[in-house]
Amino acid sequence: MASTSHRGAPYYGADPYRSREGLTTRAAAGSDEIQLRIDPLNADLDDEITGLRSQIRQLKGVAQEIESEATFQNDLINKLQMTLVRAEAGVKNNLRQLKRSIIQEGSSHVIHVVLFALLCFTVVYLWSKISRR
């Protein structure tokens, strides 16, 4: 009863640590601990507990969403990694085949290209000489 008349006033010398009606905290002497005193006459703890429970439910929902998103992205990364490994193996295989075909063909391929170019130039030259007459 006397505590209701002390609203906003010091409550057992713990005014600087007063959090809300019915709850009082005091710093323990020489430590990082905080003592919590509950005044059952002025406190509506059921509402506080209900509010905390709803906040915990919301945080739990957010945590579950984060977990499902992280799982989805992890699966996506794993699939991309497997695709990259397959592509890398395909590129290595194609390079190996290309090197093998270059070695088998050797420089004869270059000679064939040069001879074809000379033949084309000769045909164009002769055609231009014949068409001028």
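This is a short walk through one predicted protein model, from its overall layout to a few side chains.

Okay, ground rules. It's a predicted model, so local features need pLDDT of at least 70, side-chain atom pairs count only at pLDDT 80 or more, and totals for chains, interfaces and linings use all residues. Residues are numbered from 1 along each chain as its sequence is written, and side-chain values use heavy atoms, with hydrogens and water left out.

So, layout. We've got two helices and three strands, and along the sequence they run β-β-β-α-α. Those are DSSP runs numbered from the N terminus: H or I of at least four residues for helices, E of at least two for strands.

How far do we trust it? The average pLDDT, the predictor's confidence in each residue from 0 to 100, is 77, and 65% of the residues score at least 70. Helix α1 comes out highest, at a mean of 91, while strand β1, residues 18–20, is lowest at 50. Over residues 1–11 the pLDDT is below 50, and beyond near neighbours in sequence that stretch has 14 contacts in the model, a contact being heavy atoms within 4.5 Å. Where pLDDT is low, the predicted coordinates should not be read in detail.

On burial: 8% of the 133 residues are buried, meaning under 20% relative accessible area, with exposed over 50% and partly exposed in between, using a 1.4 Å probe and protein chains only. The protein exposes about 12000 Å², and carbon and sulfur atoms supply 62% of that; areas are Shrake-Rupley with a 1.4 Å probe, and for residues only the protein chains shown count as cover.

Now, how many salt bridges does a search of the whole structure find? One, counting a Lys or Arg side-chain nitrogen within 4 Å of an Asp or Glu carboxyl oxygen. Glutamate 88 pairs with lysine 92, closest N and O atoms 3.9 Å apart. They sit four residues apart in helix α1, residues 45–105, so about one helical turn separates them. Glutamate 88 is partly exposed at 44%, and lysine 92 is partly exposed at 49%.

Last stop, helix α2, residues 108–132, where we find valine 114.
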